[in-house]
Amino acid sequence: MDLDEQKLVSEILQITKTKNIDNISRTKAYEEFYFKHPEIKWSFLASMVSRNAGWSMTDLQGRWFRKALNQEKRSLLFMTYERANWTIFYDAFPQLLIYQLSKKINKPLFHLLSHFQVSKFMEKEWWLFWEERQKDRLMTALIINEQNVIHHPVIMNETYRRLVFKSASYKFQDLFHFSTVIFPTLHGKLFGFSVYNFEKLTNRIELGKRLGWLLFDSGMYQHFVNFARTVPHTGSRYDYEKYFADKRKRETPLLRTAYPIIPHTLDGFRKDWFHGQNTKHLFKRRKIPKNYEITDWFKHKQDQLHLFTVLQEYWRNG
């Protein structure tokens, strides 16, 4: 690697570090990138999923979860979201920046991806995209990659597994939409999908593909774009609840008032998840469920959570 390339790598690392400070900055970075480079569909998907991660984080500091779960359990759940969020951005954003630079100079620079410990799988996919411009394939490849990137360091991490995914508090949150991703509109409607057995890699990949379909192929794209362009991400569910026909009070805080900046470090050299295994089946799209307008269902889930919390408090104090 020559001096110019070393300088590029350093600059990309610095930009990534700056934009990876919290959920708000990540969401904004993904979104801004997409509107400059709309051919990279994954970036808009990542921004909308990142909004959901922020809402889930502030749920833990909101009125109901504070009653339902103790501080230690809420902190652990927050760190699971935060670590997964951070890890994906650390891996994905340098890829986006290298593409942006390649586009600017009209010359592919994907040989630099190895300096960011990016998987050989994605290096091959970026070269393929440069040659063939298959936008949907690249989006799916990035979905497959991101879920593999977090699988061992976060989802299968012994601490998170024991204290989060196998815990009663996780099962409790799983019961109340932990694994539902929603895309709101300015008309107060919610669209989305749920995933069960969140720990299973293929289930998370399938959820990502369904969400990609919902965003770009369901006929709702302009509604989601309008929401993203109109509503700055604060991390509070009030971002979309204020558009409900039944007026809601704010019950979750702004993310930056609820949490400090969390410093992260890499746990040594990251191993490449890809070892030449067959991934062809992961690119196939399964049947899309017919019900993806979930406004009433989602509100019902929240009402169940509120009732459960009130009853739990009654039993505790009774």
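# Close-up views of a predicted model

**Figure 1. H187 sits in the loop between β1 (180–184) and β2 (190–194).** The model is predicted: local features need pLDDT of at least 70, side-chain atom pairs count only at pLDDT 80 or more, and totals for chains, interfaces and linings use all residues. Residues are numbered from 1 along each chain as its sequence is written, and side-chain values use heavy atoms, with hydrogens and water left out. Strands are DSSP runs of E with at least two residues, helices are runs of H or I with at least four residues, and both are numbered from the N terminus. H187 counts as exposed, at 58% relative accessibility. Exposed means over 50% relative accessible area, buried means under 20%, and partly exposed is in between (1.4 Å probe, protein chains only). Not counting residues up to four places away in sequence, H187 touches H223 and Y243. Contact here means heavy atoms within 4.5 Å. A245 is 58 residues from H187 in sequence, yet their C-alpha atoms are 8.4 Å apart.

**Figure 2. D22 is a buried residue in the loop between α1 (3–19) and α2 (23–36).** The relative accessible area of D22 is 5%. The backbone nitrogen of S25 lies 2.9 Å from a polar atom of the D22 side chain. A polar contact is a pair of N or O atoms within 3.5 Å; within protein, one must be able to donate a hydrogen and the other to accept it, and residues adjacent in sequence count only if both atoms are side-chain atoms. Leaving aside neighbours within four places in sequence, D22 is in contact with L255, R256 and I261. W86 is 64 residues from D22 along the chain, and their C-alpha atoms are separated by 7.7 Å.

**Figure 3. α2 packs on α5 (71–105) at an angle of about 25°.** The two axes are 11 Å apart. Axes are lines fitted to C-alpha atoms, for helices over the stretch in contact, and angles run from 0 to 180 degrees between N-to-C directions. α2 and α5 are therefore roughly parallel to each other. Angles under 35 degrees count as roughly parallel, over 145 as roughly antiparallel, 65 to 115 as roughly perpendicular and the rest as oblique. The α2–α5 crossing is left-handed. That term applies if the near helix is turned anticlockwise from the far one by less than a right angle; clockwise is right-handed. From α2, the contact uses N23, R26, A29, Y30, F33 and K36. Residues of α5 in the contact include W86, F89, F93 and Y99. By class, the contact has ten nonpolar, three polar and four charged residues. Ala, Val, Leu, Ile, Met, Phe, Trp, Tyr, Cys and Pro count as nonpolar, Asp, Glu, Lys and Arg as charged, and the others, Gly among them, as polar.

**Figure 4. α3 (residues 41–59) crosses α7 (135–155) at roughly 45°.** The axes of α3 and α7 come within 8 Å. This angle makes α3 oblique to α7. K41, W42 and L45 of α3 meet K135, D136, M139, L142, I143 and E146 of α7. The α3–α7 contact has five nonpolar, no polar and four charged residues.

**Figure 5. α7 and α8 (residues 158–165) pack at an angle of about 75°.** Their axes are 7 Å apart. The two helices are therefore roughly perpendicular to each other. P153, V154 and I155 of α7 contact Y160, R161 and F165 of α8. By class, five residues are nonpolar, none polar and one charged.

Figure 6. Most residues other than glycine have a negative phi. N106 is exposed, with a relative accessible area of 64%. R133 counts as partly exposed, at 39% relative accessibility.

**Figure 7. S119 is buried in the loop between α5 and α6 (120–132).** The relative accessible area of S119 is 3%. Apart from neighbours within four places in sequence, S119 is in contact with N145, D272, W273 and F274.
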